[in-house]
Amino acid sequence: MQKTALFIIAGVLTLSSVKAQINWGDYSHSYPDKLQKHPSVLGLILAIRKENNSFWQIRDKSNHFHTLAKDSSFRRFRPKEILARTTFDTACAHFFLHGVGPQNAHLYQFRVMEYPSKRIQVPWHGITRFTDSTLIHSSGLPKMAYLGGYKTSLGKMLIIDVRRVDVNQIVATSLIAWESIKPEITSIYTSETMDKFLQRLQSPWMPYDQSVGHFSPVLTVPATNTNLIFSLQNGTFTKKQIQYELIRNGRVYTPWRYNAYDNSFVWIKDYPPGSYTMRIRYSVQPQHIAQYRFEVAPLWYQTNWFRLLAGMLVAGLVGLLFLLIRQRLKTQQEQFNKTKLQLELKAIYAQLNPHFVFNALSSIQGLINKQDIKGANSYLSDFARLMRQSLQQSQKDEIALYEEIQTLDRYLKLEQLRFGFGYTIQVDSTINVYETSVPILLLQPLVENAVKHGVALLGEKGSINLAINQSNNSMIVSVTDNGNGFKEDKATSGLGLKLTRDRINLLNKFHSESQITLAIRNAVSSGTQIILTFSQWF
């Protein structure tokens with residue numbers, strides 16, 4: 001007659017906690033019932049952390065147990081009563097051998113084997129460790145052998161065998177299986193069904209009209225619903241054993257956090273409209289996640305049509321504001337252009353003013369009186385060419401540096417005929433005078449200032465130097481004379497310099513990236529130097 005092998009799931013014994021090999025009070029202890037009836041009897045005690053107790057209602061047995069129960073080769077050499085438990089976290093399971101102390105430990109050995117791989121974690125090994133006084137006191141049990149703490153990965157099991165050495169017979173066996181668990185949402189409650197949830201919470205034994213796990217795959221609730229409760233399968237959980245995360249519209253709305261209640265449900269409140277995914281996991285196995293989708297319908301002012309209408313209204317207001325700003329900027333631009341034109345006209349008048357014309361005609365008359373018909377004709381020709389060129393160029397905003405230099409050269413030649421001074425024009429060889437442009441008639445008032453206020457009274461001793469150089473990306477123009485010099489505050493009273501400063505201020509407004517600055521200072525030995533800097537000009 002063949003007997004059926006049974007695994008006896010031992011009871012749980014919990015005592016006070018004092019630190020020893022383990023903190024006895026933090027563990028649940030499983031052992032055969034006969035250990036309580038006969039304190040000196042031989043038997044294995046299995047200790048696993050209490051957090052696992054919550055999950056025994058979900059999965060208290062392993063498929064490995066059933067497989068070995070049918071394996072006659074496994075049962076043949078082992079005792080009938082085998083201690084078997086499931087665990088779920090990554091902590092070690094600890095084993096004690098009741099009935100074995102220092103006096104008889106030499107009679108026993110133990111082995112730890114992984115299943116189903118049958119890999120040996122600990123080969124047959126003698127017993128050398130025993131419970132200390134602290135653990136003896138906290139457990140209330142006599143001194144016994146401590147076999148150690150061991151673990152394996154999820155889906156596997158450890159088999160701990162104890163054998164008596166003199167008869168080579170296994171006298172005690174314990175099985176500990178690490179099982180995978182994943183939360184299962186069994187019921188969902190809303191604000192409308194809150195009374196049913198409270199009734200079930202108070203009286204969990206009463207029948208419930210909703211079948212477990214049978215509800216809409218995607219729940220839709222109105223925006224006025226302020227409560228959603230996700231009830232999990234049976235179990236008594238603490239706050240830190242359950243974690244949840246809330247995803248809204250594809251983004252994390254509530255990051256992973258511990259549950260707010262010591263119970264088997266997750267309760268969320270006050271959430272805005274959107275598409276949600278509730279994700280729930282057990283802290284001991286965070287890789288296994290249960291999730292459920294639900295929708296929260298928007299209020300009327302949160303709907304797309306209302307947003308479209310409001311968007312059109314806002315777009316209309318923004319468009320009107322844009323038109324007003326654009327018109328204002330256009331008016332300002334027109335005013336700038338008008339000011340620019342006025343300053344350019346003033347610059348032309350300052351260049352070709354009646355004093356200059358009068359002096360030029362006087363010089364021509366003097367040449368005629370001296371019978372210097374050739375000189376008079378040359379002067380008159382250059383004067384006419386200069387006037388015509390200046391009037392033609394005045395229609396432009398900028399001209400090539402080469403043309404500006406020609407204009408200045410003609411002007412200096414005319415004034416040289418009158419006053420007899422000498423002048424030089426020097427241009428840095430790195431500057432391309434044909435491709436580099438300058439504002440029209442901006443340099444001429446500076447040269448005219450050097451003639452009238454600098455060298456006019458010096459005759460042939462007078463000297464003017466016009467230098468154009470490049471410094472990095474800037475162009476430096478300096479006009480130097482050897483006259484008596486003058487202070488800058490007096491120079492500002494001249495019409496030519498005033499108009500030049502006005503033009504520079506206007507040009508800087510139009511070209512903020514390329515600023516122009518004007519500086520006046522006394523020369524090293526005598527005279528005056530005017531420096532015009534064109535920043536970021538190349």
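Student: Why is Ile 531 called buried?

Tutor: In this predicted model, Ile 531 has a relative accessibility of 15%. Buried means under 20%, so Ile 531 counts as buried at that value.

Student: Where is Ile 531 placed, and what does Ile 531 touch?

Tutor: Ile 531 belongs to strand E25, residues 528-534. Leaving aside residues up to four places away in sequence, Ile 531 touches Ile 476, Val 477, Ser 478, Thr 517, Leu 518, Ala 519 and Arg 521. Take Ile 476 from that list: 55 residues separate Ile 476 and Ile 531 along the chain, yet their C-alpha atoms are 7.0 Å apart.

Student: Happy with that! Now the helices: what makes H10 roughly parallel to H11?

Tutor: Start with the angle: H10 (residues 401-419) packs against H11 (residues 444-455) at about 20 degrees, and the axes are 10 Å apart. Angles under 35 degrees count as roughly parallel, so H10 is roughly parallel to H11. The crossing of H10 past H11 is right-handed.

Student: Which residues meet there?

Tutor: From H10 come Glu 404, Leu 408, Tyr 411, Leu 412, Glu 415 and Phe 419, and they meet Gln 444, Val 447, Glu 448 and Val 451 of H11. By class, that contact holds six nonpolar, one polar and three charged residues.

Student: How do you know that residues 305-325 carry the feature "transmembrane region"?

Tutor: That label comes from UniProt, in an unreviewed entry, and the annotation may be inferred rather than shown by experiment. In the model, the span is 100% helix and 0% strand, with its end C-alpha atoms 30 Å apart.

Definitions and conventions: Residues are numbered from 1 along each chain as its sequence is written. This is a predicted model: local features need pLDDT of at least 70, side-chain atom pairs count only at pLDDT 80 or more; totals for chains, interfaces and linings use all residues. Side-chain values use heavy atoms; hydrogens and water are left out. Axes are lines fitted to C-alpha atoms, for helices over the stretch in contact, and angles run from 0 to 180 degrees between N-to-C directions. Helices (H or I, at least four residues) and strands (E, at least two) are DSSP runs, numbered from the N terminus. Angles under 35 degrees count as roughly parallel, over 145 as roughly antiparallel, 65 to 115 as roughly perpendicular and the rest as oblique. A crossing is left-handed if the near helix is turned anticlockwise from the far one by less than a right angle, and right-handed if clockwise. Contact means heavy atoms within 4.5 Å. Ala, Val, Leu, Ile, Met, Phe, Trp, Tyr, Cys and Pro count as nonpolar, Asp, Glu, Lys and Arg as charged, and the others, Gly among them, as polar. Buried means under 20% relative accessible area, exposed over 50%, partly exposed in between (1.4 Å probe, protein chains only).
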